[in-house]
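Hi,

Here is the structure I promised to pass on. Have a look at it first, and then read my notes below.

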Amino acid sequence: MDASEAIAAPLASTKPVGAQIRTVTAAALGTVFEWYEFTLYAAMAGVLAGKFFSGLDPSIGFLFALLTFGIGFIVRPVGALVFGRLGDRIGRKRTFMITIMIMGLATFAVGLLPSYETAGIVAPILLITLRILQGLALGGEYGGAVIYVTEHVARNRRGLNTSFIQMTGTLGFLMALLSIQLVQAVVTQAVFDAWAWRIPFLISIVLLAVSIKVRLQMHESPVFKKMAEEKRLSTSPVRETFGSWENVKLMAIALIGIGGGMSVVYYNAVLYPLFFLSRTLSVPMPVANLMTTVAALCSIPMIWFAGWLSDRVGRKPVMLAGFLLGAVVTFPVFHQIAELANPALAETQAKTAVTIRTDGAGCSFMFNPLGNRSFTAPCDVARQVLSGSSVNYERTDRSGSAATEVQVGDRVITVNGAAGFDQAQFTRDLKDALKQAGFGVPGNPDAAAQVKIVGLLLVLLLAMALGYSPVGVAMAEMFPARIRYTAMSFPYHFSSGWIGGLLPTFAFAIAVAKGNIFAGLWYTVGWLIVGIVITGLFYRESRTDPD
């Protein structure tokens with residue numbers, strides 16, 4: 001244990017309970033902001049597409065709105081390095097005061113932006129700029145919060161106390177959904193689409209004011225203060241982090257093993273079910289929101305329990321239990337959700353064979369995170385239509401053939417790609433064939449089915465709680481205090497942004513390639529297997545290790 005931490009540890013362990021609660025609250029407010037903004041943007045992507053990308057084709061505008069949302073994920077690792085360096089140089093408290101102000105003001109400013117109609121191309125540029133600022137600030141926020149709590153509280157309570165930070169992500173998620181629903185309950189849909197969509201962004205200024213007030217009352221981490229007094233702060237945290245082979249190995253374990261497993265088990269339980277219910281199974285959004293919200297509320301005690309358990313038995317066994325549970329239950333849970341939420345779809349898939357016969361060389365792997373590729377070949381158009389209608393299909397390779405043939409039950413639609421084809425007519429014919437076969441019936445689960453779906457979601461959320469709750473403190477404990485902010489933040493946000501953030505994109509690409517609405521789940525299961533192997537073999541338990 002470093003001398004500074006050896007001296008600071010008794011101070012943390014004797015802190016009054018009230019002081020520890022204030023410490024955790026101050027740190028957790030940033031995570032509330034993160035998920036509040038995250039959920040607002042995701043839930044209102046369609047509205048924002050119309051406001052900021054209205055000069056584009058509607059479908060392209062919606063795509064760009066989603067890509068703008070994704071930019072926040074992409075820049076997170078950069079923010080982790082920028083603000084991680086600051087956190088190791090000027091202090092934990094001062095750094096995450098800066099990050100929460102940037103996050104809060106950027107979220108508030110979205111509500112003030114001019115639309116494309118009034119400002120033209122300036123409007124989406126401003127929106128993208130704010131998203132970049134939010135992503136950069138977030139890259140320094142979470143690491144600072146976890147480290148701040150870790151360095152303030154007793155070692156045997158670190159898991160429990162940092163689990164409150166993990167839990168507040170759910171709180172921000174729920175607050176955002178509630179703010180949208182309250183505004184929509186007061187105004188008409190036309191008014192909401194016209195200007196009232198700004199209100200949830202604008203009222204975030206209240207949360208920012210509370211966050212700043214609480215954080216101003218907090219003191220610097222005793223560990224950092226001691227290092228500063230002894231003049232032992234790192235002069236170049238980034239160089240020291242990446243210049244040591246030992247640190248690089250630890251970051252690889254944190255990023256690929258712990259972070260990879262954590263990212264997918266979280267998104268698989270919290271975000272993907274909402275997409276799966278509403279887009280794949282065509283369950284009405286209010287119903288899908290209700291089920292996922294109830295499940296999320298019920299998961300909060302699970303997150304606390306997992307954090308507490310990691311203080312008792314260790315970070316490693318709890319994380320491995322979550323990764324293993326997630327890997328085992330993901331496929332059966334989503335299959336059962338599909339049967340409960342939309343039994344008509346399951347029945348139609350079972351009785352209707354759908355086949356694409358084409359030259360496989362003309363079929364792309366439809367992974368397009370930047371939205372810069374256009375998929376217009378007959379094979380790709382067919383697969384987009386089929387996947388968009390939640391159709392499971394097979395593909396038969398006809399090497400050298402210029403024709404693409406799609407058979408839906410007894411009906412066959414054929415186009416010749418070499419001679420050019422009418423993409424719009426081909427799409428209409430496919431959709432008509434699918435409708436006649438019985439595809440496209442919306443999901444409408446009754447009350448009993450909804451209760452069962454919530455129960456299934458809780459199984460995923462239990463895996464999430466176990467695999468996610470101890471991760472922050474485990475990563476913080478892996479690295480020495482002098483470079484902890486930088487070394488911990490980079491692998492966490494790289495894995496969260498690039499592995500977890502790309503889950504929907506990869507899942508869609510895999511599902512299209514395999515012709516099965518469940519095939520994309522292999523992305524989650526694959527990363528969980530990697531997480532189990534890397535964490536199990538190479539992560540050394542940190543609960544009782546000297547810092």
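Setting aside the neighbours within four places in sequence, Met291 is in contact with Leu277, Val283, Pro445, Gln450, Ile453, Val454 and Leu457. Keep in mind that this is a predicted model.

Take Val454 from that list of contacts. Along the sequence, Met291 and Val454 are 163 residues apart, yet in space their C-alpha atoms are 5.8 Å from each other. If you want to find Met291 on screen, go to helix 17, which covers residues 285-313. Is Met291 buried or exposed? Its relative accessibility is 2%, and the cut-off for buried is under 20%, so Met291 counts as buried.

Now zoom out to the whole chain. You'll find 26 helices and four strands in it. Why does a radius of gyration of 24 Å fit a compact globule here? Because a compact globule with 547 residues would come out near 24 Å, the value for this chain agrees. Along the principal axes, the C-alpha atoms fill a box of roughly 80 × 55 × 50 Å.

Across the chain, if you take the contacts with a separation of 6 or more, 84% of them are between residues 24 or more positions apart. As for burial, 56% of the 547 residues count as buried. The chain exposes about 21600 Å², and 66% of that comes from carbon and sulfur atoms. On charges, there are 42 positive and 32 negative ones, and their mean positions lie 8 Å apart.

Next, have a look at helix 23, residues 471-478. How many of its eight residues are buried? Eight of the eight are, so to speak, under cover. Among them are Gly472, Glu477 and Met478. What do they pack against? The partners are helix 8 (122-150), helix 9 (158-186), helix 15 (245-270), helix 18 (315-341), helix 22 (447-468) and helix 24 (484-500).

Last, the strands. Strand 3 (residues 403-408) and strand 4 (residues 411-416) pair in the antiparallel sense, over six bridges. Within that pair, Val406 faces Ile413 of strand 4. The two strands make a hairpin with two residues between them, and Gly409 in the turn has a positive phi of about 65 degrees.

Cheers

Conventions: Residues are numbered from 1 along each chain as its sequence is written. This is a predicted model: local features need pLDDT of at least 70, side-chain atom pairs count only at pLDDT 80 or more; totals for chains, interfaces and linings use all residues. Side-chain values use heavy atoms; hydrogens and water are left out. The radius of gyration is taken over C-alpha atoms; the globule rule is 2.2 Å times the number of residues to the power 0.38. Buried means under 20% relative accessible area, exposed over 50%, partly exposed in between (1.4 Å probe, protein chains only). Contact means heavy atoms within 4.5 Å. Accessible areas come from the Shrake-Rupley method with a 1.4 Å probe; for residues, only the protein chains shown count as cover. Lys and Arg count as positive and Asp and Glu as negative; His and the chain ends are not counted. The place of a charge is taken as NZ of Lys, CZ of Arg, CG of Asp or CD of Glu. Two strands pair if DSSP finds at least two bridges between them.
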